[in-house]
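These are my notebook entries on a single protein chain. I set down what I looked up, entry by entry.

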Amino acid sequence: MVVRRSIFLYLTLLFPLVSSAQAISPAQLEQFQQLPRAQQQALAARYGVDLNQLQDDRRVVERPHQVEVVSPVSTLTEGEQSRRATQDEHGVREAVGELRPFGYDLFAGSPTTFAPVTEIPVPAEYTVGPGDVLRVQMWGQENRQLELPVSRDGTISFPQSGPMAVAGMRFERVRQQIRERVSEQYIGVEASVSLGELRSMRVFVLGEARNPGSYTVSSLSTITNVLYVSGGVTTTGSLRQVQHKRDGKLLGTLDLYDLLLKGDTSGDSRLQPGDVVFIPPVGKRVGIDGQVNRPALYELRRENALGELLSLAGGLTPQAYPQRVSIQRTNEDFHRVITEADASTPEGLRARVQLGDLVTIPSVSEITGQYVEMQGAVTRAGRYAWVPGMRVSSVISNLGVDLLPAADRVAAVVVRTDKPTDTISVLTLNLRDAVANPGSDEDLLLMEADRVLVFSDTAKLDATSELAQHQSYSREAMLAPVITRLKSQGIPGDPQQVIRITGPVRYPGEYPMPESQSMMDAITIAGGLKDSASLFRAEIARSAVDRDGMGETNILNVNLAEIMAGTTEFTLQSRDTILIQAIPAFAERRTVTLAGEIRYPGEYTFRDGETLQDILQRAGGLTPNAFPEGAVFTRAKLRELEARRLREAEERLQGDLLGLELEGSGIGGHNAERLEEVQGLLEDVQNSRAVGRMVIDLSAVVSEADYQAIRLQDGDALIVPDIPQSVSVFGEVQFPTSHLHQPGLSVDDYLERSGGPTRQADTSRVYVIRADGSVMMPETSRWFGGRGRHLQPGDTIIMPIDVDRLNQLELWTNVSQIMYQMALGAAAVGSL
């Protein structure tokens, strides 16, 4: 009595919180439920609380939440996935090729909680036990909702009527007894009984499970529920003999293939507390690949026949060829052998399969008839149904729609196979004429198994990416296998039907012999003639055999203009080489550049045989301010020669530099000094630019009629400077610079004005480069008569380096002279 009063006092303090809409715990509501009905009504009336709402709130609070007990494999962490992959490694290694064991992904997952799953329909034969909760909904004269937990002694406490034993009884029997008690105890009241929260139980999952151990599950759980919670079966476990044990005794086995393939759950028995789900190792496993609906590794139980294995694999596909089923197996000597079975006969379906066999179902051969095939630069490549009378226009009716933008809309070929001999031939096709004239001779009749090859036209490709994309549609790529096949068909008396076309055609190269053997068709396959082709004649090189059986080559000349006009026919033979001759000097544009003090400078196109004097006359001659003695005449071929000499000199200098580096610093640092000088020379050579200057006497060219004529070449250039006023001093002097020309000054005078030679200078080899590019040595030249002779405007004095001071580097003398000559030419060009 004292305890009841304390509870009543506690709840009296509690109800103000309820009236202010604050939540109360399920334990507090449980204490309120233990009070007599009269006290409950009194408290509810006192604080203005609706008892029905309070009951509903309690029901909502106690409603079990949906618990995700398994995490799919795709949501696992990287570490868990790595562990899972390690567990499956053995099974993957068993796979032959890409075959994987069948059915193991059904329960693949990882348990996230051991909470029981309660959202499961309750059957009428369910046995009530401690931990279950019965919900009683009463209506009529009195509306109430009761939740009656089953206590440990197996009873429920029914209000105002005492305990009632329900443990061990079927749920349907308990429901009937509660209804009877309500009808006896409450007049005009009916009751509906259902199960609320179910009790949980602990079961064990052992053997080849992904996560073996004990699990807390719902009392309604079956074998498959437990497998799902535990993450399923590893690939080393059996899917066909999952065992259900209780107290060490085998109660039954579950074949998961029945569930996967038939949807049969009859073997999925319910578990009781303490039950064990044991997964034994996998049994006999056989692989099946090829034309079946589910290629995989399958575990056999009692089925040892090929027909049963085909049934497990979902049957044959429409492309299967069952007459030649291949079976690979290991014999008694541990060797892999191959046997065959005919799965189209009852005897073949009864063929036995063994552990480790690999059954391969082949596909039917490629389509052998009733089709034509489109390949290359077409919008819808592939095979099309063939009917007699079908033409090219039947598959290509619109060039803009049926062909890619880069397609060659003129030249195409049809590759035709002769079935009796299994040989191929090639027909040329003009797509534009065929589409424009349906039903005409140009619109070729297609035969069964013809292949129409449409090439790409590189002239229509604007970018390198497009060129790479359509490279597989080029003539070379598409015709390569055809040419290989034609060459392999060649036999004595019927040589290989291949020809070659060279010269100004759009796509020269090797081509199949057209079936018409027409030279016109051969040129069409090669993309047609270029505008530089000469129609005067073409040359045919033909292989033949002389009377002695020796091979020889005959040259035939044909009139190409008549062949292209169609007035003359020329029949090609095997291995013919067609040479289309080009028009001599067709569209050649040879130019010479005149710059500087020219009356009308610019780029002039010259005729064959014209000279520099002729061009100067066409350009109006020199201006009054021109300095012909300093003219720079350059030629492209000479520039290429100088560039090659520079590269050679650079390579030799680099080799000498490497040798000096390997010698070390030497005594007194002399080797280091030479190394520095060589490095300087190498840098000068590397920085030099080839000019290609040729020394000429422009004054004589202009004024003397008997002067040697300078025949022009493409790329020649003449630069005429204005009258100079300086003399330059370069090389190993203290201050290399240019000086104002003063009459009467000699070489030594200008050297003195530049500070004199450096200690690396070779004073005995001083030379002068005249304005026209000629070189004179003052010490030996009769023209100079010594270094005391006077210089002219535009002359350049070169003080070379003393290369004799360097060990075994005689090459540098020539190198330095080449370099200074080119530097002078470049300076003359740059000063304009």
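**Entry 1: a loop residue, Phe-334.** I began with Phe-334, which sits in the loop between strand 15 (325-330) and strand 16 (336-341). Helices (H or I, at least four residues) and strands (E, at least two) are DSSP runs, numbered from the N terminus. Phe-334 is not a glycine, yet I read a positive phi of about 65 degrees for it. I list Phe-334 as exposed because its relative accessibility is 70%. For this term I used relative accessible area: buried is under 20%, exposed is over 50%, and partly exposed lies in between (1.4 Å probe, protein chains only).

**Entry 2: basis of the model.** I note that the model is predicted, that local features need pLDDT of at least 70 and side-chain atom pairs count only at pLDDT 80 or more, whereas totals for chains, interfaces and linings use all residues. Residues are numbered from 1 along each chain as its sequence is written, and side-chain values use heavy atoms, with hydrogens and water left out.

Entry 3: Strand 15 and strand 16 are antiparallel and share six bridges; two strands count as paired if DSSP finds at least two bridges between them. Within this pair, I found Arg-329 opposite Val-337 of strand 16. Both strands belong to an open sheet of five, ordered 14-13-17-15-16, in which the pairing is mixed. Strand 14 (296-300) and strand 16 are the edge strands; each has a single partner strand, so one side of each is left without a neighbour in the sheet. From one strand to the next, the twist averages 25 degrees. For such angles, axes are lines fitted to C-alpha atoms (for helices over the stretch in contact), and values run from 0 to 180 degrees between N-to-C directions.

I went through its pairings in turn. Strand 8 (residues 200-207) runs antiparallel to strand 9, with six bridges between them; Val-203 faces Tyr-215 of strand 9. Strand 10 (residues 242-246) has two antiparallel pairings to record. Toward strand 11 there are five bridges, and Val-242 has Leu-254 as its bridge partner. Toward strand 12 (residues 276-279) there are three bridges, and His-244 has Val-277 as its bridge partner. Strand 10 and strand 11 make a hairpin with two residues between the strands, where Asp-247 takes a positive phi near 55 degrees.

Entry 4: I checked Arg-575, which lies in the loop between helix 17 (560-565) and strand 27 (577-582). Its phi is positive, about 70 degrees, although Arg-575 is not a glycine. I list Arg-575 as partly exposed because its relative accessibility is 45%.

**Entry 5: a buried helix residue, Leu-431.** Is Leu-431 buried or exposed? I count Leu-431 as buried because its relative accessibility is 0%. Leu-431 belongs to helix 13 (residues 431-436). Beyond its neighbours within four places in sequence, its contacts (heavy atoms within 4.5 Å) include Val-392, Ile-396, Leu-399, Asp-408, Arg-409 and Val-454. Ser-397 is 34 residues away from Leu-431 in sequence, and their C-alpha atoms are 9.9 Å apart.

**Entry 6: nonpolar cores.** A nonpolar core here is a set of buried Ala, Val, Leu, Ile, Met, Phe, Trp, Tyr and Cys residues joined through side-chain atoms within 4.5 Å. The largest has 42 residues, and Leu-227, Ile-288, Tyr-298 and Val-359 have the most contacts inside it. I listed the partners of Tyr-298 beyond four places in sequence; among them are Phe-102, Tyr-257, Lys-284, Ile-288, Leu-309 and Ala-313. A second, separate core has 33 residues, including Ile-483, Ile-523, Ile-563 and Phe-570.

**Entry 7: the whole chain.** The chain has 23 helices and 37 strands. Of its 832 residues, 43% count as buried. Of the contacts between residues at least 6 apart in sequence, 63% join residues at least 24 apart.
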